[in-house]
Amino acid sequence: MTQRITSTEVIDRLDHLKNLPTFSGLLAEYDALMASAKGSHLKHVVALLRTDPRISTGLLKSANSARFNPGSKQVTDLADAISLMGNNDVRLLIVTWNFYTMFGSPTALDQEAYLTHSMVSAFIAKALGPHCRVDEDQAFSMGLFHDLGVYLLALYSPEGIQAVRETSQGKAGRQIAAEKDQFATTHAHVSARMVNRWQLPKPVVMGILGHHNPALVPREFQAPARLTALAQAGAFYLGYENGLVGEQPGILTETSQGLLKRLKLSESGFQEMAEAALQEAQDTGLL
Ligand SMILES: [Fe+2]
């Protein structure tokens with residue numbers, strides 16, 4: 001039976017139940033610090049990052065990953081970790097480790113699969129950034145949060161998401177219709193509403209909103225929407241379903257093939273890019 005809800009109602013209800021994932025304010029504080037003169041002093045950066053133990057622990061873990069510290073001695077000091085990684089990677093890792101600690105409540109989803117799908121999509125999205133003329137940091141967030149609404153719908157209505165699973169038979173191509181049937185909204189709308197509430201940049205919000213139908217968003221945001229659609233498709237292509245639905249690994253839908261054609265990217269080029277992105281996520285200690 002359809003529960004006629006809107007994306008706003010999903011988020012308001014979860015907010016009311018104190019069940020809404022939060023986006024750490026640390027990123028905004030980090031950006032402000034880096035834009036100021038104090039940002040060039042490591043001690044200020046360390047002091048800020050220490051205020052969030054979940055994130056500083058994650059940063060240390062990444063500093064000891066194959067990518068940043070191959071076979072060298074263990075890094076245990078946050079200042080050393082920051083020096084090793086550099087500003088761009090520290091920023092990306094603040095977003096990432098915050099993401100990993102967001103999902104406290106169990107749901108009917110396979111959450112392990114959900115997190116991995118999101119992480120793989122984020123690295124593919126970052127790699128697609130230059131091809132789509134989308135900022136790489138923003139692209140990463142689009143990949144990471146594109147299916148946040150799946151988790152939020154599962155929190156909102158365990159029965160509803162179970163019905164979506166059954167109706168869609170685990171097939172990504174049937175997910176949107178099944179959600180509309182069940183909820184009268186879609187996970188793309190709910191994801192976009194949530195990241196908008198976190199005040200992430202507009203291209204991120206609109207890219208996520210349009211990731212199942214880029215034509216849904218204004219023309220100026222269709223490139224981010226196409227990028228997000230391809231990032232999601234790349235994760236499915238590599239066999240990473242989102243905890244609810246997936247596609248047959250190694251097969252691209254006609255829609256995804258059309259999106260690649262537009263970017264003048266061959267399927268083999270896309271596959272190579274997706275595999276390299278997966279490797280990067282693994283080497284950074286995130287999978
Ligand atoms: Fe999606």
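**Figure 1. Two domains make up the division of the chain.** Domain 1 covers 21-102 and domain 2 covers 107-287; these bounds come from an automatic or database domain assignment. The model is predicted: local features need pLDDT of at least 70, side-chain atom pairs count only at pLDDT 80 or more, and totals for chains, interfaces and linings use all residues. Residues are numbered from 1 along each chain as its sequence is written. The C-alpha centres of domain 1 and domain 2 are 26 Å apart. Their contact takes 12 residues from domain 1 and 10 residues from domain 2. Two residues are in contact if their C-beta atoms, placed from the backbone, lie within 7 Å.

**Figure 2. The side of domain 1 that touches domain 2.** Helix H4 (53-63) and helix H6 (87-100) are the elements that each give two or more residues to this side. Helices (H or I, at least four residues) are DSSP runs, numbered from the N terminus. H6 supplies the largest share, 6 residues. By class, this side has 6 nonpolar, 3 polar and 3 charged residues. Ala, Val, Leu, Ile, Met, Phe, Trp, Tyr, Cys and Pro count as nonpolar, Asp, Glu, Lys and Arg as charged, and the others, Gly among them, as polar.

**Figure 3. The largest nonpolar core.** This core has 83 residues, and Ile124 and Leu227 have the most contacts inside it. Such a core is a set of buried Ala, Val, Leu, Ile, Met, Phe, Trp, Tyr and Cys residues joined through C-beta atoms within 7 Å. Buried means 20 or more other C-beta atoms within 10 Å of a residue's own; exposed means 12 or fewer; partly exposed lies in between, with C-beta atoms placed from the backbone. Helix H7 (residues 111-132) gives the most to the core, 11 residues. Domain 1 and domain 2 both give residues to the core, so it lies between them.

**Figure 4. Helix H7 and its bend.** H7 has 22 residues and reaches 30 Å from its first C-alpha to its last, close to the 32 Å expected at 1.5 Å a residue. The expected span is 1.5 Å times one less than the number of residues. H7 bends by about 30° at lysine 126, and proline 130 follows within four residues. The bend is the angle between axes fitted to the seven residues ending at a residue and the seven starting there. H7 is mostly covered, with 17 of its 22 residues buried. Just after H7, arginine 133 has a positive phi of about 55°.

**Figure 5. Isoleucine 124 and glycine 234.** Not counting residues up to four places away in sequence, isoleucine 124 touches Gly143, Ala231, Gly234, Ala235, Met273, Ala274 and Ala277. Glycine 234 is in helix H14 (residues 222-237). Glycine 234 counts as buried because it has 27 C-beta neighbours inside 10 Å.

**Figure 6. Aspartate 283 in helix H16 (residues 267-283).** Aspartate 283 is partly exposed, with 15 other C-beta atoms within 10 Å. Leaving aside neighbours within four places in sequence, aspartate 283 is in contact with Ser65, Ala66 and Arg67.

**Figure 7. Two loop residues with positive phi.** Lysine 18 is in the loop between helix H1 (7-16) and helix H2 (26-35). Lysine 18 has a positive phi of about 55° although it is not a glycine. Lysine 18 counts as exposed, with 6 C-beta neighbours inside 10 Å. Glutamine 199 is in the loop between helix H12 (187-197) and helix H13 (202-209). Its positive phi is about 65°, and it is not a glycine.
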